[in-house]
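User: I'm new to reading protein structures and would like to work through one with you. Could you take my questions one at a time?

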Amino acid sequence: IQYIGEKQNLRIAMILLKNQSNAISHEAFHIFKVFVANPKKARDIHIVLWKNKEKLVQFLENFLPEKAKDDEAFAEEKKIVISHLEKLAIPEEIRKQKASKARAKSQGYALMQHPQHESGGIHKSKSIPNVIPPPNANDTDTQTETSAAANEANNVDDAAASNNDENANNDENDNNNNGDNGTSATQPSE
């Protein structure tokens with residue numbers, strides 16, 4: 001039972017079904033049918049079988065036709081496996097995902113039909129399609145943010161200018177204190 005609960009074992013059986021050797025393919029079918037016929041399939045096994053169901057049915061319909069003519073039991077087992085695959089219900093989590101996608105798609109369609117969408121006053125997002133900004137979003141917020149940023153930039157410029165004035169005064173004082181001839185420390189004296 002542990003063996004048929006492992007997704008990797010199912011994949012190996014499915015690969016061996018396509019083997020060039022009829023004997024290996026036939027034996028792989030007997031392993032594969034246990035995965036399909038198990039009424040308490042593991043979640044991963046159910047998902048793999050469901051996702052590949054159409055391909056598997058098509059493959060099995062043409063699987064070892066000579067063997068099916070000669071061996072009635074094999075032909076019957078093949079029909080049963082195909083029947084189980086065709087009746088395989090959609091896994092619950094995939095059904096939920098599809099329902100969620102369908103709901104999102106219908107909500108997007110409803111949003112596109114909304115009368116505000118067609119008015120010229122609403123700007124759509126460029127980075128996220130079909131998103132309408134809330135009605136309270138307007139240009140006054142951005143103007144307030146812009147003027148606040150400009151005021152802060154002016155304050156920084158004023159502080160830098162006053163620092164430059166202080167530095168200039170300090171340089172003049174240094175030049176006056178460097179000697180009687182008025183030369184600075186960086187200029188060579190003659």
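User: Does glutamate 93 count as buried, partly exposed or exposed, and what is the relative accessibility?

Analyst: Keep in mind that this is a predicted model. Buried means under 20% relative accessible area and exposed means over 50%, with partly exposed in between. Glutamate 93 therefore counts as partly exposed, with a relative accessibility of 33%.

User: Which residue forms a salt bridge with glutamate 93?

Analyst: For a salt bridge, we look for a side-chain nitrogen of Lys or Arg within 4 Å of a carboxyl oxygen of Asp or Glu. Here the closest N and O atoms are 2.5 Å apart. The partner of glutamate 93 is arginine 43.

User: Which residues are linked with Glu93 in a network of salt bridges?

Analyst: We already have one link, between glutamate 93 and arginine 43. The network also takes in an aspartate. So, going by the salt-bridge cut-off of 4 Å, the residues linked with Glu93 are Arg43 and Asp44.

User: How many salt bridges does a search of the whole structure find, and which residue meets lysine 33 in one?

Analyst: The search of the whole structure finds four salt bridges. In the one with lysine 33, the N to O distance is 2.9 Å. This pair links distant parts of the chain, helix 2 and helix 6, 44 residues apart. The side chain that meets lysine 33 is that of glutamate 77.

User: What share of the 190 residues counts as buried?

Analyst: Remember that buried means under 20% relative accessible area. Of the 190 residues, the buried share is 21%.

User: Which residues touch the most other members of the largest nonpolar core?

Analyst: This core has 28 residues. Helix 1, helix 2, helix 3, helix 4 and helix 6 each supply at least two of its residues. Take leucine 49: leaving out residues up to four places away in sequence, its contacts include Leu10, Phe32 and Leu85. The residues that touch the most other members are Leu10, Phe32, Leu49, Leu60 and Leu85.

User: Now the rings: how many aromatic pairs does the structure hold, and what is the angle between the planes of phenylalanine 59 and phenylalanine 63?

Analyst: The structure holds five aromatic pairs. In the pair of phenylalanine 59 and phenylalanine 63, the distance from centre to centre is 5.5 Å. The arrangement is tilted, with an angle between the planes of 40°.

User: Why does the pair of phenylalanine 63 and phenylalanine 74 tie together separate parts of the sequence?

Analyst: This pair is tilted too, at 6.1 Å centre to centre and 50° between the planes. Phenylalanine 63 is in the loop between helix 4 and helix 5, and phenylalanine 74 is in helix 6, so the parts tied together are eleven residues apart.

User: Which residues form one aromatic cluster?

Analyst: Two members are the phenylalanines we just paired, and both count as buried: phenylalanine 63 at 4% relative accessibility and phenylalanine 74 at 2%. Phenylalanine 59, at 29%, counts as partly exposed. The cluster is formed by Phe29, Phe59, Phe63 and Phe74.

Key
Residues numbered from 1 in each chain as written. Predicted model: local features only at pLDDT ≥ 70, side-chain atom pairs only at ≥ 80, totals over all residues. Heavy atoms only, no water. Phe/Tyr/Trp six-rings, centres within 6.5 Å; stacked < 30°, edge-to-face > 60°. Buried < 20%, exposed > 50% of the residue type's maximum accessible area, 1.4 Å probe, protein only. Helix = DSSP H or I, 4+ residues; strand = E, 2+ residues; numbered from the N terminus. Core = buried A, V, L, I, M, F, W, Y, C linked by side-chain atoms within 4.5 Å. Contact = heavy atoms within 4.5 Å.
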